[in-house]
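Here's a quick briefing on charges and rings in one protein model. Have a look at the structure first, then run through the points below.

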Amino acid sequence: MKILLVEDDVEISDMLKNFLTTEDFTVRTAYDGVSACREFFADTFSLVLLDLMIPKKSGMEVMKTIRESSTVPIIIISAKDTDSDKALGLGLGADDYITKPFSVTEVLARIKANIRRSTQYAAVEKQEEAVLTKGGIVLDTGTYSVTKNGQAVELTAKEFEILKLLMKNPKKVYTKEQLYSLIWNDVYCGDENAVNVHISRLRNKIEDNPRNPQVMELINQFFTLAKLEAGDQNLQRVKVNICEVCRENILSFYELLRQKEFTVDIGIPEHALFAWGDTDAIHRILSNLISNAVRYGSEGNYIGMFVRKEADAVIIEITDKGKGIEKAFAERVFERLYTMEDSRNRDIQGNGLGLMIARNLARKMGGVCVVRQTAS
């Protein structure tokens, strides 16, 4: 069994590693929070021993990161021994708490007890999650098979593992680095091609319409959101003609709106209205908002785009005539993977990430993105 030991004190780390190795454990070590997260996502561990007071990224932050995607047992080893410290650690997801100084025999006993519990629980969870279902896609981890609408889909081993990972963790956002480390079980060296090629092939095999790829769009949205949340989305700050960007965006939807027999109401000034921001990010925001309006618009199919200047701000409004959103749910539409139940255009399916990305991009550029309901 493999243990990740996160401890910045080299003497303590070496002592624990040597002792646990004699007990037939394989021990990987990390001396700071950043390397701890990198090691964790690059391999599979039976348990994590985690010190709280470590450099670069605190133990609490490391635990929070791990808990976003894993239920691996975590034992905190720390000099912090107050009741509040223990309560906080256990409340954030630790399974056990050992204070320094400690006995190595006690550590061993706690490790064995936690692994024993997690193994028993995992056996039950594995039985319950042998078959994963999403829409018409059924993935059977027992028979290593995938079907779409009852028809068998032939996938390579890597394609199967990518699909399984995403279906098992629908609310988890993975970077391409994490995806590569988890699927290829290797250190990511910056080559996105391997990930992109496998995702492209997977898309062609399971999409109903590869030209309108729902799965590929979902994965791309996840990557965008991961970059935003990690602060890795580098946006430019240039003077953007908002009116021109809005015209380009609504025109890009022209063929779809025509096919759906939408009535389109445009209120974009002829003169330029400028704002500081990233042109591609603004395009992405508008595309997500228009897609949402098309998806949840009324059966009469109406969409409006209006641009105006208010004080020092440029306001863009995307309107539809859907049944509306109850006030209590107005903020929920910006939550990750939250989708409405009554999409009017079910062939334009949502993934519950578009509005969240739109709001995050707007905020990153110093703007806001809100939903508002008006009386009809």
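D8, D9, E11 and D14 make up a negative surface patch in this predicted model. One of them, D14, sits in helix α1 (residues 10-22) and is partly exposed, at 33% relative accessible area.

**Aromatic rings**
- The count of aromatic pairs comes to three.
- One of them is F40 with F41, an edge-to-face pair with 5.4 Å centre to centre and 85° between the planes.
- F40 also pairs with F45, this time stacked, at 6.3 Å centre to centre and 15° between the planes.
- F40 and F41 are buried, and F45 is buried too.
- Ring pairs tie F40, F41 and F45 into a cluster.

**Salt bridges**
- Searching the whole structure turns up 14 salt bridges.
- K2 bridges to D43, with the closest N and O atoms 3.0 Å apart.
- K2 is in strand β1 (residues 2-6) and D43 in the loop between α2 (33-42) and β3 (47-50), so this pair ties together parts 41 residues apart in sequence.
- K2 is partly exposed at 25%, whereas D43 is buried at 15%.
- K56 and D32 meet in another salt bridge, at 3.9 Å from N to O.
- K56 is exposed at 69% relative accessibility, but D32 is buried at 12%.
- R308 and E317 form a salt bridge at 2.9 Å, N to O; R308 is partly exposed at 31% and E317 buried at 19%.
- Shared partners join K2, R28, E39 and D43 into one salt-bridge network.

Technical notes
Residues numbered from 1 in each chain as written. Predicted model: local features only at pLDDT ≥ 70, side-chain atom pairs only at ≥ 80, totals over all residues. Heavy atoms only, no water. Patch = residues over 30% accessible without salt bridge, like charges linked within 9 Å, V, L, I, M, F, W, Y side chains within 5 Å. Areas by Shrake-Rupley, 256 points an atom, 1.4 Å probe, with all protein chains shown as cover. Salt bridge = Lys/Arg side-chain N within 4 Å of Asp/Glu carboxyl O. Lys, Arg positive; Asp, Glu negative; His and termini not counted. Charge placed at Lys NZ, Arg CZ, Asp CG, Glu CD. Helix = DSSP H or I, 4+ residues; strand = E, 2+ residues; numbered from the N terminus. Buried < 20%, exposed > 50% of the residue type's maximum accessible area, 1.4 Å probe, protein only. Phe/Tyr/Trp six-rings, centres within 6.5 Å; stacked < 30°, edge-to-face > 60°.
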